[in-house]
Amino acid sequence: MITKVLEVDNHTVTTHFVLLGFPTRPAFQLLLFFVFLAIYLLTLVENFLIILIIHSDGQLHKPMYFFLSNLSFLEMWYVTVISPKMQIDFLSHDKTISFNGCMTQLYFFVTFVCTEYILLAAMAFDRYVAICNPLRYPLIMTTQLCGTLAAGCWFCGLMTAMIKMVFIARLRYCGTPRINHYFCDISPLLNVSCEDSSQAELVDFFLALMVIAVPLCVVVASYATILTTVLKIPSSQGRHKAFSTCASHLAVVILFYSTTLFTYARPKLMYTYNSNKMVSVLYTVIVPLLNPIIYCLRNREVKAALRKTIHCKRSEPRKDGAVIN
């Protein structure tokens, strides 16, 4: 492969990276292409369907579902940042990505990951108010507050990614670095840098600590209070009903945090393990696929709205006035 570099002041300036991806036989690469393509398309359809259901059903115009639609919108872009390039690399011998393309992919990926951490904390706070302060819930979780929380989540994600990029993009990379990953992530870029990256790693660790630890504390505190409140309910039916309203969100939180926590707490250390790519597949491919399924299976209101939407589509009148049964 021709080395794609520029000579500036006797130093090589990297213009491209090579993503090694999943090095396997061509036949298996084709199989992986179809598997990941099917997962990507299904993820888009699932999340789009949830947004459509929430938008079209008036009974779902509540703070909980407002945040859920934000999560679905986020995850549609979250997978789109990574999957298309991964699909191309499965079919192509040229697995290079330009420096600007790599940094752009990293910026938006970090934005969506950080936004999701904070958004899940906002959803936990919403469940805390709904269960622990049900009478004041409409007064607290107003449309204005929900919009402010959602906007704050996106703003924090964008700013965190921007600060990280300032330190990572200015690192010097020699020649055409070969990245043992299927997308541009923080850990591989820190490891292939040919200069001291300790400052960038320190900034990344501090920001990761803020973006992960603070929302995690909000989630833990919210669910600890929820658990205490639910256990005080005298009837088992009442306890089950109260906890069922937040069970799907708790499952999503556990899935997302458990697959990303250790990767982004110590990014450079995680790159040394061969299992890093497999862990990344979990939170970049599998978790976005499972989240809509979890919300549909565990949430009665979403299931009822889905059935209503399907029934309405089947019962739409034909042009000749007949009703489709």
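A residue is termed buried under 20% relative accessible area, exposed over 50%, and partly exposed in between (1.4 Å probe, protein chains only). By this criterion Met162 is partly exposed, with a relative accessible area of 40%. The model is predicted, so that local features need pLDDT of at least 70 and side-chain atom pairs count only at pLDDT 80 or more, whereas totals for chains, interfaces and linings use all residues. Residues are numbered from 1 along each chain as its sequence is written, and side-chain values use heavy atoms, with hydrogens and water left out.

- Asp57 occupies the loop between helix H1 (26–56) and helix H2 (63–80); helices are DSSP runs of H or I with at least four residues, numbered from the N terminus.
- Asp57 counts as buried because its relative accessibility is 6%.
- The backbone nitrogen of Gln59 is reached by the side chain of Asp57 at 2.9 Å.
- Leaving aside residues up to four places away in sequence, Asp57 touches Ala305 and Lys308 (contact: heavy atoms within 4.5 Å).

**Annotated spans**
- An unreviewed UniProt entry lists several residue ranges as "transmembrane region", including 65–86 and 205–230; such annotations may be inferred rather than shown by experiment.
- Residues 65–86 are 91% helix and 0% strand, with end C-alpha atoms 31 Å apart.
- Residues 205–230 are 100% helix and 0% strand, and their end C-alpha atoms lie 36 Å apart.

**Position of Met162**
- Met162 belongs to helix H6 (residues 143–169).

Conventions: Helices (H or I, at least four residues) and strands (E, at least two) are DSSP runs, numbered from the N terminus. A polar contact is a pair of N or O atoms within 3.5 Å; within protein, one must be able to donate a hydrogen and the other to accept it, and residues adjacent in sequence count only if both atoms are side-chain atoms.
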